[in-house]
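This briefing walks through a few selected features of one protein chain, grouped by topic. Please keep the sequence and the 3D view open while reading, and look up each residue as it is named.

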Amino acid sequence: MITVYPYEKLGHADHGWLDARHHFSFARYWNPDRTGFGPLLVINDDKVAAGRGFDPHPHDNMEIITYVRQGAITHKDSMGNVGRTGAGDVQVMSAGTGVLHSEYNKESEDTRLYQIWIEPNQENVKPRWEAREFPKATVENGTLPALASGREEEVAQGALFIHQDAAIYGGRIKAGTEIRQPVKGNAYLLASVGGFSVNGTQLKQGDGAEVTGEKTLALKADTDAEIIVIDVPQAA
């Protein structure tokens with residue numbers, strides 16, 4: 001089963017410096033029908049104005065994954081980590097027992113990013129932060145690369161580690177290309193750039209889609225596209 005959530009129907013908050021679309025209930029946006037997808041609790045499609053950002057604030061017991069789509073974000077935290085994550089790259093913060101962090105757009109252009117929150121399968125772990133650059137080449141066959149994962153084999157191949165039996169895959173495919181992406185659980189898809197179909201169902205840029213009961217996703221790009229696939233366990 002595939003359910004599409006169009007970009008224009010997502011939750012919306014415009015703070016001036018931050019223009020956010022919410023795939024699930026978040027902050028002042030509350031939708032009782034959209035409170036999560038298994039352990040996937042938050043997907044925010046954020047546009048952060050140049051020179052602005054999120055002031056220091058706390059988190060605990062959450063896996064927070066940031067996929068930068070345009071520009072860059074600069075992270076600083078109470079563990080002493082400082083790092084800049086650019087477009088096409090990913091950072092992961094395991095908040096665990098508690099961490100204070102800030103995220104600023106120190107670039108001269110707007111930054112676009114997805115912030116993804118996944119509930120961990122282990123609480124009160126030691127907090128950690130990690131970022132990684134990923135190849136920018138288009139995927140012409142095979143599968144999308146794993147960007148973040150709690151699965152040993154994918155971490156061994158270069159994915160950033162998260163505390164959950166989940167994985168985030170992402171990459172670019174050219175117009176007309178079709179690839180087949182296996183998933184272990186249920187999947188949430190994001191049309192980051194361009195449009196594509198999943199098992200024959202169309203998504204346009206900015207849309208999201210829940211996919212249940214499918215173990216292989218046939219992804220066909222209508223235009224040059226950037227696709228994110230979040231593979232999560234089914235809800236108990």
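This is a predicted model: local features need pLDDT of at least 70, side-chain atom pairs count only at pLDDT 80 or more; totals for chains, interfaces and linings use all residues.

A residue is called buried when its relative accessible area is under 20%, exposed when that area is over 50%, and partly exposed in between. H59, with a relative accessible area of 12%, falls under that 20% limit and is therefore buried.

**Around H59**

- H59 belongs to strand β5, which covers residues 53–59.
- The side chain of H59 makes a polar contact of 3.2 Å with the side chain of H57.
- When neighbours within four places in sequence are set aside, the residues in contact with H59 are I64, M93, A95, G98, V99, H101 and W117.

**Salt bridges**

- Side chains of opposite charge can pair when their charged atoms come close.
- The structure contains 13 salt bridges, and one of them joins the side chains of K204 and E8, with an N to O distance of 3.1 Å.
- Because K204 sits in the loop between β19 (201–203) and β20 (208–211), while E8 sits in the loop between β1 (2–5) and β2 (11–14), this pair ties together parts that are 196 residues apart in sequence.
- K204 has a relative accessible area of 38%, so this residue counts as partly exposed.
- Another salt bridge is formed by R84 and E107, whose closest N and O atoms are 3.1 Å apart.
- That pair also links distant parts of the chain, since R84 lies in strand β8 (residues 82–86) and E107 in the loop between β10 (99–104) and β11 (111–118), 23 residues apart.
- R84 counts as exposed, because its relative accessibility is 54%.
- In the salt bridge between E130 and R128, the closest N and O atoms are 2.7 Å apart, and E130 is partly exposed, with a relative accessible area of 25%.

**An open sheet of seven strands**

- Strands of a sheet pair through backbone hydrogen bonds, either parallel or antiparallel.
- Seven strands make up an open sheet with mixed pairing, and their order is β1-β20-β17-β22-β15-β13-β14.
- The edges of this sheet are β1 and β14 (160–161), and each has a single partner strand, so one side of each is left without a neighbour in the sheet.
- Within the sheet, strand β13 (residues 146–149) and strand β15 (residues 167–173) run antiparallel and are joined by three bridges, with A148 standing opposite I168 in β15.

**Around P120**

- P120 is located in the loop between β11 and β12 (128–132), and this residue counts as buried because its relative accessibility is 12%.
- Apart from neighbours within four places in sequence, P120 is in contact with N61, M62, E63, H163 and Q164.
- Although P120 and A235 are 115 residues apart along the chain, their C-alpha atoms are separated by 13 Å.

**Cavities**

- The structure has two cavities of 30 Å³ or more, and the largest cavity has a volume of about 40 Å³.
- The lining of the largest cavity consists of I64, T66, H75, Q91, V92, M93, H101, E103, Q115 and W129.
- Two or more residues of that lining come from each of β6 (63–70), β9 (90–94) and β10, and the largest share, three residues, is given by β9.
- I64, M93 and H101, which belong to this lining, are also among the residues in contact with H59.

Note on methods:
Residues are numbered from 1 along each chain as its sequence is written. Side-chain values use heavy atoms; hydrogens and water are left out. Helices (H or I, at least four residues) and strands (E, at least two) are DSSP runs, numbered from the N terminus. Buried means under 20% relative accessible area, exposed over 50%, partly exposed in between (1.4 Å probe, protein chains only). A polar contact is a pair of N or O atoms within 3.5 Å; within protein, one must be able to donate a hydrogen and the other to accept it, and residues adjacent in sequence count only if both atoms are side-chain atoms. Contact means heavy atoms within 4.5 Å. A salt bridge is a side-chain nitrogen of Lys or Arg within 4 Å of a carboxyl oxygen of Asp or Glu. Two strands pair if DSSP finds at least two bridges between them. On a 1 Å grid over the protein atoms alone, a cavity is a set of points where a 1.4 Å probe fits but cannot get out, and a pocket is an open set with protein on both sides within 12 Å along at least five of seven lines; lining residues have an atom within 4 Å of a point. Grid points are joined across faces, edges and corners, and a volume is the space filled by probe spheres set on the points.
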